[in-house]
Amino acid sequence: MVQPRYRSRTMRRVFVRTPSGTTLHYRRRKNAAPQCAQCGGVLPGVARGTKTQVRKLAKSSRRPERPYGGMLCSPCTRRTIIAKARSHLQ
Ligand SMILES: [Zn+2]
């Protein structure tokens, strides 16, 4: 029997080929894809993976380097910036 912490489906099960045959390994699942704060769509250009994998990347490769990068998708960013500029004039 496996260790009790591996009996739940929290960890992903991966069959790994080893010289002695196939063994079952337990790996962490990827985090959910980050979503846009306005429309809820999946954010493109934002790193996905386990927490450790994402942390190892450079900050510039984790999310787009622009205002609202990693928070809003590009159409929502465009709309927000235009709306802010228009409201600022009045
Ligand atoms: Zn959006």
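**Confidence and layout**

Tutor: pLDDT is the predictor's confidence in each residue, from 0 to 100. This is a predicted model, so local features need pLDDT of at least 70, side-chain atom pairs count only at pLDDT 80 or more, and totals for chains, interfaces and linings use all residues. Residues are numbered from 1 along each chain as its sequence is written.

Student: Where is confidence lowest, and where is it highest?

Tutor: Lowest is helix H2 (residues 74-89), with a mean of 91, and highest is S1, at 95.

Student: OK, what pattern does the chain follow along the sequence?

Tutor: The pattern is β-β-α-α, with two helices and two strands in the protein chain. Helices (H or I, at least four residues) and strands (E, at least two) are DSSP runs, numbered from the N terminus.

Student: Is that spread out or a compact globule?

Tutor: Spread out: the radius of gyration is 20 Å, well over the 12 Å that the globule rule gives for 90 residues, so the protein chain is more spread out than a compact globule. That radius is taken over C-alpha atoms, and the rule is 2.2 Å times the number of residues to the power 0.38. Along its principal axes, the C-alpha trace spans about 70 × 25 × 15 Å.

Student: What does the domain assignment give?

Tutor: Domain 1 (1-30) and domain 2 (31-90). Their C-alpha centres lie 34 Å apart. The bounds come from an automatic or database domain assignment.

Student: Switching to the strands, how do S1 and S2 pair?

Tutor: In the antiparallel sense, over seven bridges, with S2 covering residues 21-27. Two strands pair if DSSP finds at least two bridges between them. S1 and S2 form a hairpin with two residues between them.

Student: Which residue is the bridge partner of Phe15?

Tutor: Leu24, in S2. Thr18, for its part, stands opposite Gly21 in S2.

Student: How many residues of S2 are buried?

Tutor: Zero of its seven, so S2 lies largely in the open. A residue is buried if 20 or more other C-beta atoms lie within 10 Å of its own, exposed if 12 or fewer, and partly exposed in between, with C-beta atoms placed from the backbone.

Student: And what percentage counts as buried over the 90 residues?

Tutor: 3%.

Student: Let's pick single residues. Where is Val2 found?

Tutor: In the segment before S1. Val2 counts as exposed because it has 10 C-beta neighbours inside 10 Å. Val2 and Leu24 are 22 residues apart in sequence and 10.0 Å apart in space, C-alpha to C-alpha.

Student: And where does Pro44 lie?

Tutor: In the loop between S2 and helix H1 (51-56). Pro44 has 11 other C-beta atoms within 10 Å, so Pro44 is exposed. Pro44 and Ala33 are eleven residues apart in sequence and 9.2 Å apart in space, C-alpha to C-alpha.
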